[in-house]
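Trainee: Could you walk me through how to read a model of this kind, feature by feature?
Mentor: Gladly; let us first look at it together.

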Amino acid sequence: MNYPLLNKTAAVIVFLALWEILPRFGLVNPMFIPPLSAVLATGLHLVENGELVTHTLVSLERAFGGLLAAMVVGFPLGLVLGGGFPRLREAVGPLMELFAQANPLILAHIIIFFLGIGQSARIFIIAWLCLWPITFSVIDGIRSADPLLLKAAGSLGLGRVGLFTRVVLPSSAPTIFTGVRLAAGYAFIMLIASEMMGASSGLGWLVAQGQENYHVTRIFAGAAVITTLAVATDGLLRLVERRVVVWKVNTE
Amino acid sequence: MATHGDGTHKEDLKIVLKDIGQVYHLKKSADGSREFQALKDINLQVRAGEFVALVGPSGCGKSTLLDILAGLTRPSSGAVYIDGKEITGPALDRGIVLQGYALFPWRTVRRNVEFGLEIKKVPKSERRGISDHFIRLVGLEGFEEHYPHELSGGMKQRVAIARALAYDPEVLLMDEPFAAVDAQTRETLQDELLRIWDETKKTIIFVTHSIDEAVFLADRVAIFSSNPGTFREIVEVDLPRPRHNSDIRSSAEFGWVRHRIWELLQSRPSQECREGGNIVVKDAISPSATI
Amino acid sequence: MSVTGESLRRFLLRWSGVAVFLAAWEVAPRLDWIDPYFVPPFSTVLREAGVMFRDGTLGMHLVVSLWRAVAGLLTAILIGMPVGFLLGRRLVGVEQALRPILTVLSQVNPFSLLPVFLLFFGIGETAKVAVVSWVSLWPVMSFTITATRNVDPAQIRTALSMGISRLDLYCKVVLPAALPTIFTGMRVGAGLTFLILVAAEMLGSSAGLGYLVHNSAMNYLIPRIYAGATFIVVLGFLLNRLLLHVERRLSGVWEAGAFVTGPAGPAGAARLPGPAVSVAALGAVLIFIVFGGLEVSRINREAASYPSEALKHFGHIGQPVDR
């Protein structure tokens, strides 16, 4: 009686069917929640005239540009602070905690003074947001390396570099992946917000335009694409994680 | 009155296990459902005030049997009678003490001990006197307002015992209660348990995998064999009482009984439960899965 | 508690980074290393914050933002906890079937929903509270599901063996046992809430801390931007620390409840606050919701009586001024 996969598929089908039927029969106001087919039609139309592809690419460039920049800065920073400089880590700990609280949209106004209103300002906003979860997770991952494992590996005559690359990094990989996935989630949330504020392209702008012109199906089509991208990115990172951290499966 | 038509004739029989069997249907994707016989043909009669220990290899139906006794699981066949009446579910005539203490960390020692009384709807004014009594009985006076995280493992287990005794059950069911404490504390707790048993005259069913513990505590030791779980033999422990605060553990008689049980456990090549099957069984009986 | 030399040294070390940063912020504009028009020295920003504090601006926007955050979080808890309980313990099969949908819904971007909420609820407070609740609903719900499912089975067996009623089992065992994990969900939700709320207030609002910063930027009141931003950062920091503290205390007591052998902890090391404290906290939240709500609607009415730039829902960031 227990077919989990069937149940899940059935639940999804019921959900989509309700989305179609409820607005069609006026059970919810189609002005607010248009039926699925109308949203799909709008989506198709946006694909055909090329708008959707353009804005998706712009948004992806910003999101991944920011995430990548955050990784480029965050990994070395985390390695340095988590690896060999405990007093430095102590000294900058609260400062980084404060920086992590600095909402990048608030900083946006300040950043624009320096970088202007172009693409680099938006990438910087995303990068700032992603930097902190990544840095913190690298520090945590390195610091939580099992001391027993280190002792055992050290007794086998592994040098400092060997210890680091062969023991510390692999054992901290799961924590680091968690941080990166968290950062990617943040990146998408804030990207849309920043694109709704004074951008002239991107998926967030598409949605904001839909709102200003009362194109409800556009809002939903845009939101669906944004959600799909977020889910796909998270799925991709999970996939990479499973490939890299093969041994974690055994312990869970 | 204990004149049931099921052979429970004796007046002082407290617990009667009659032909208990437990079968689980394991789900298998390929070949349909498979059956797993966890318990088979379990028969046992326990006198009022008796101390019976169940020993056997780990994970072979002892805990399942205790769950059946507690009324948390219904047996597939057979029945359990207490005072001649068949049990149908959990009730406050049986108290339970588990290995993991299962204390409620958000309650003080006193409020843990009073838990069963709250469920029994005993008025607050009476609860205090009762919990005072049982906290003193297990030797924890002065710790009434402490939280479990402030206690050592041995002290926690004392709280669990006091909690099970507080609502005055006639039967105490204990599932490897001392397995998680260190060896020294364990001996102390065994002494304490015998003293408490002397004072309260409860009927105790005690599951353990330690032969020493079973011999030291029990009047009779039921030896489990596995696959399916059933009693291989029930051994009378004819050692003098009171045994607590004595060095009976080092006596020759103790050694003999111990050796006899050890031989019985070894006599057939040990058939450990298949681990895979066991995990499924645990899932199937876990009460949390049904709530 | 006495401050020993060691802990004082530690304290100084920990905050030295912040001190150096603030010193640089003060000195760099003063020595014209960076343009003091765009980055005013820290003391100027502090003075501006003092002015806003005295004339009540800061307090007013703080009340509005806090009220929205608390109302949103409360809504999320009121929906997420009961649903999480049901899906976690009663409707396990339903939860498994719904999991893909719940996962996707939790990834739906709150800002892409903002226009829908605005259409639904109008420009008032409801849309903002709805966005905030949407964001914190998912962590609260998923942590509640996990928490109720992972209650120590031995605790449940013990309670069941006493013939406990289903209601009592939920109220006296499952709920308290699940509390620390549920609280973690609330903390995660609250952290996100604050981030999103400030952004939402910049997008379409006439009051609140996010609006304060946004409006200052629109009017080129640069020290005000920094003062507002600093205030938001410090507030978020303190909020995060407070919630972490409560969470650690809860889980410190809870985790030791089962299956830990070892010596007794120091007596009275971590006591739970009595029921009086919880009741007082709950009362304070309710009073804040009621009176804060009255205050917020008054502030909104006042803001509406003189139309301003900020009433445009999607304000645009001004071009940088010419140097």
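What follows is a conversation about chains, their interface, aromatic rings and salt bridges.

Trainee: What kind of model is this, and which conventions apply?
Mentor: This is a predicted model, in which local features need pLDDT of at least 70 and side-chain atom pairs count only at pLDDT 80 or more, while totals for chains, interfaces and linings use all residues. Residues are numbered from 1 along each chain as its sequence is written, chains are lettered from A and ligands numbered from 1 in the order in which they are written, and side-chain values use heavy atoms, with hydrogens and water left out.

Trainee: How many helices and strands does chain B have, and how many does chain C have?
Mentor: Helices (H or I, at least four residues) and strands (E, at least two) are DSSP runs, numbered from the N terminus. Chain B has 9 helices and 10 strands, whereas chain C has 11 helices and 0 strands.

Trainee: What share of each of these chains is buried?
Mentor: Buried means under 20% relative accessible area, exposed over 50% and partly exposed in between, with a 1.4 Å probe and protein chains only. On that scale 57% of the 291 residues in chain B are buried, and 48% of the 323 residues of chain C are buried. As for the accessible surface (Shrake-Rupley method with a 1.4 Å probe; for residues, only the protein chains shown count as cover), chain B has about 12,500 Å², with 49% belonging to carbon and sulfur atoms, and chain C has about 15,200 Å², with 70% belonging to carbon and sulfur atoms.

Trainee: Where is B:Glu176 placed, and is it buried or exposed?
Mentor: B:Glu176 sits in the loop between strand S7 (171-175) and helix H6 (183-200) of chain B, and B:Glu176 counts as buried because its relative accessible area is 11%. Taking a contact as heavy atoms within 4.5 Å, and not counting residues up to four places away in sequence, B:Glu176 touches B:Lys62, B:Gln99, B:Val207, B:Thr208 and B:His209.

Trainee: How should I read a pair of aromatic rings?
Mentor: Such a pair is described by the distance of the centres and the angle of the planes. Rings of Phe, Tyr and Trp (its six-membered ring) pair if their centres lie within 6.5 Å, and planes under 30 degrees apart count as stacked, over 60 as edge-to-face and the rest as tilted. Over all chains, 19 aromatic pairs are found. One of the pairs is A:Phe99 with A:Trp128, which is edge-to-face at 5.4 Å centre to centre and 65° between the planes. Since A:Phe99 lies in helix H4 (residues 86-101) and A:Trp128 in helix H6 (residues 119-143) of chain A, the pair ties together parts that are 29 residues apart in sequence. Both A:Phe99 and A:Trp128 are buried.

Trainee: Why is the pair of B:Phe104 and B:Trp106 called tilted?
Mentor: The ring centres of B:Phe104 and B:Trp106 are 5.4 Å apart and the planes stand at 40°, so the pair is tilted. B:Phe104 is buried, with a relative accessible area of 0%, and B:Trp106 is buried too, with 13%.

Trainee: How do I read the interface between chain C and chain A?
Mentor: The contact takes 54 residues from chain C and 49 residues from chain A. Buried area is the accessible area (1.4 Å probe) that two parts lose on being put together, summed over both; here the value is about 5,200 Å², of which carbon and sulfur atoms give 77%.

Trainee: What about a salt bridge inside chain B?
Mentor: B:Glu170 forms a salt bridge with B:Lys14, the closest N and O atoms being 2.2 Å apart. B:Glu170 lies in the loop between helix H5 (153-166) and S7 of chain B and B:Lys14 in strand S1 (residues 13-27), so the pair ties together parts that are 156 residues apart in sequence. B:Glu170 counts as partly exposed at 41% relative accessibility, whereas B:Lys14 is buried at 8%.

Note on methods
A salt bridge is a side-chain nitrogen of Lys or Arg within 4 Å of a carboxyl oxygen of Asp or Glu.
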